[in-house]
Amino acid sequence: MLPEELQDKLEHDIAAVDHPKELAVDVMFALQDHYGYLTDEAVETAAGLLGIAPVEIEELATFYTFVYREPVGKYVIHVCDSLLCMLDGSETIEAHLHQKLGIGAGETTGDDLFTLLPVCCIGYCDRAPAILINRKVYGPLTVESLDAIIDRLRADKD
Amino acid sequence: MTSYPKVLLQNRKPDRIATIDEYRESGGYTALTESLGKVPSADVRQTIQNAVLLGRGGAAFPAGMKMSTVPEDAPFPRYLVCNADEMEPGTFKDRVLIHADPHQLIEGMVLTASGVQAEKGIVFIRPEYESAARILEREVGIARDAGFVGKDILGSGFDFHIDVHRSGGRYICGEVTAQLNALEGRRPNPRKPPPFPTVKGLWDRPTLVNNVETLCCVPHILKNGADWFKHLALTETGAGTKLYCVSGKVNTPGCFELPMGVPLREIVETHAGGMRSGGTFKACLPGGASTGFLPKEHFDIDMDFEGLKAVGNRLGTAAIMVFDESTCLVRVTCNLIDFFARESCGWCTPCREGIPYIKDLLWRIENGQGEVAYLDMIDRMARHLWNAYCAFAPGAAAPVQSLLEYYRDELMAHIEGGSCPFDK
Ligand SMILES: Cc1cc2nc3c(=O)[nH]c(=O)nc-3n(C[C@H](O)[C@H](O)[C@H](O)COP(=O)(O)O)c2cc1C
Ligand code: SF4
Ligand code: FES
């Protein structure tokens, strides 16, 4: 069950638009923020709110990069591996993250803090190599600056 | 350094966005004040057409002409969608525009909408640009409070609302017809026209889709006139200024506003600070990942749509990715084809099957397990990509086909040497 406040807000937003389905991505994002990822229950809830079949939500959820159908960590790290970042060392950045966090691409650390996802060009090629952490950009990165960022996020959790 | 007039980025600041007051001080919202409710929409369209404003989203379609394809008697509500998906690798100008001067885009949307009598505006924005989405939401509110957006704008009787729509994130959502599906909450595979979106688009209503940069040009054209705009370009064939995103092996990558048609050499050597570490220019992709390699014999080319067309290439998004003699172009193409393989929407077979096929062969060559026969196999499959359902797959074919055309020696060196000659 959703908290009443979130339920009310979503119902209110949906009532305010001409076509409920246009809010499908927003609703998925809101539920994902609440549950931590788009759970099976969230798929059902989203469908109910929007008045469509769960499979229509699933069609979208399985298409989009930023919708997670499996649990993710508190911080989702998107590592750009497209051309400009590659030329400027994204492979080193990615390898360093694997080693430092002890996880591979698509995995989450045991303490549920970090998830690592390689992605296409994030539109910050002037800051290559670049990554996003929870949609905030960092770059141009070096191994040292990356260490500092990760260490700070780790320290923040307490 | 030659200095050129700044138009779109005249209010750009190193660390913050321009406020509505700063935008107005630079002449912002005068076009809107002077034309809304006063200039007939047909005249707005005609001025844009006379200015030869070509779409900045990659396809270079004339913006005024596209506006005219909305039928006079088309039903309401009509929509204007601002395409801020910007997922073409190497391209980041729309992000710069929104962060520099958001009201320029807002005014551009209102004016463009007035040309087709659209009352609903939507900015479609990629999730990686969350900060830009928030800026726009806030600044649209400020514009509404100032009377420039919303109901009965400045007492003109014209209504126009702007909403920000966040994408779930996929490259194909930048393609117009896929974007319409995305906006309707459907799985964003492309649709094949007809009907064209300007006739039957969002929710079966006429929908004009334009790129951020295209829309940002509109207030300046209406304020200063079509001739002024045309004369901003250095070439006869060009019009306006252009945001060139330069990246790769240059000293100062960035987004530079320069006259349309400025020579490539000048962009690289002067504005982007020259080649990095004293390297020499080998090639570039002149307009994003969906354009072909432009070899060094064209280093003096004029960078406008016609100039690149004349050499069988495209200006695309004008995202110039620069490579030097130490760059392995086979490896570059492998990276691009990885991108296309990952982002294919999977709807049609030539793209879904063809791109991974090329990817496999190209990586074998890069890894030193190539065979001469692969070159023809890649070539044949690249030609099949042109039969795909949308323009995505021909875009993927562009770097591959130009690699075969201009850099066969480099491919052969990989095959004959049994390894990548650039690996040291
Ligand atoms: C695969 C693909 C991706 C595209 N991505 C974008 C994009 O991110 N932004 C954009 O403005 N145009 C993009 N386009 C071009 C649009 O389809 C369309 O031509 C453009 O948005 C129209 O605006 P304009 O006429 O102002 O350029 C893409 C096209 C294709 C085929
Ligand atoms: S060409 Fe590719 S992206 Fe376009 S419809 Fe076919 S599968 Fe989808
Ligand atoms: S290639 Fe990494 S941000 Fe564009």
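This is a predicted model: local features need pLDDT of at least 70, side-chain atom pairs count only at pLDDT 80 or more; totals for chains, interfaces and linings use all residues.
1. Start with a charge over a ring in chain B. B:R126 lies over the face of B:Y129, at 5.2 Å from the ring centre.

2. B:W228 is partly exposed, because its relative accessibility is 27%. B:F229 has 2% relative accessibility and therefore counts as buried.

3. Chain B also holds an aromatic cluster. B:Y171, B:F339, B:F340 and B:F392 make up one such group.

4. Where does ligand 2 sit? Ligand 2 is in the largest cavity. Around ligand 2 there are 13 residues, and those that come nearest are B:C345, B:W347, B:C348, B:C351 and B:C390. By class, the shell around ligand 2 has 11 nonpolar residues, 2 polar and no charged.

5. Chain A, overall. Its secondary structure comes to 7 helices and 4 strands. From the N terminus, the order of elements is α-α-α-α-β-α-α-β-β-β-α. The C-alpha atoms of chain A fill a box of roughly 50 × 35 × 25 Å along the principal axes. Chain A has 158 residues, and 51% of them count as buried.

6. Check the cis peptide bonds. In chain A, the bond from A:A128 to A:P129 is cis, with omega near -5°. A:P129 belongs to the loop between β2 (114–119) and β3 (131–133) of chain A. In chain B, a cis peptide bond joins B:P193 and B:P194, with omega about -5°. B:P194 is in the loop between α8 (176–183) and β4 (207–211) of chain B.

7. Check positive phi as well. A:N134 is not a glycine, yet its phi is near 45°. A:N134 is placed in the loop between β3 and β4 (136–138) of chain A. A:N134 counts as partly exposed, because its relative accessibility is 40%. B:Q117, also not a glycine, has a positive phi of about 55°. The loop that holds B:Q117 runs between α6 (102–116) and β2 (120–125) of chain B. B:Q117 has a relative accessible area of 34%, so it is partly exposed.

8. Is B:T19 buried, exposed or partly exposed? B:T19 is partly exposed, because its relative accessible area is 35%. B:T19 is in the segment before α1 (20–25) of chain B. From B:T19 to B:D101 the gap is 82 residues in sequence but 7.5 Å in space, C-alpha to C-alpha.

9. Last, B:F61. This residue is in the loop between α3 (41–50) and α4 (63–68) of chain B. B:F61 has a relative accessibility of 40%, so it counts as partly exposed. B:F61 and B:K200 are 139 residues apart along the chain, and their C-alpha atoms are separated by 18 Å.

Methods: Residues are numbered from 1 along each chain as its sequence is written. Chains are lettered from A and ligands numbered from 1 in the order in which they are written. Side-chain values use heavy atoms; hydrogens and water are left out. Helices (H or I, at least four residues) and strands (E, at least two) are DSSP runs, numbered from the N terminus. Buried means under 20% relative accessible area, exposed over 50%, partly exposed in between (1.4 Å probe, protein chains only). Rings of Phe, Tyr and Trp (its six-membered ring) pair if their centres lie within 6.5 Å; planes under 30 degrees apart count as stacked, over 60 as edge-to-face and the rest as tilted. A charge sits over a ring if NZ of Lys or CZ of Arg is within 6 Å of the ring centre and within 35 degrees of the ring normal. A residue is near a molecule or strand if one of its heavy atoms lies within 4 Å of it. On a 1 Å grid over the protein atoms alone, a cavity is a set of points where a 1.4 Å probe fits but cannot get out, and a pocket is an open set with protein on both sides within 12 Å along at least five of seven lines; lining residues have an atom within 4 Å of a point. A molecule sits in a cavity or pocket if more than half of its atoms lie within 2 Å of its grid points. Ala, Val, Leu, Ile, Met, Phe, Trp, Tyr, Cys and Pro count as nonpolar, Asp, Glu, Lys and Arg as charged, and the others, Gly among them, as polar.
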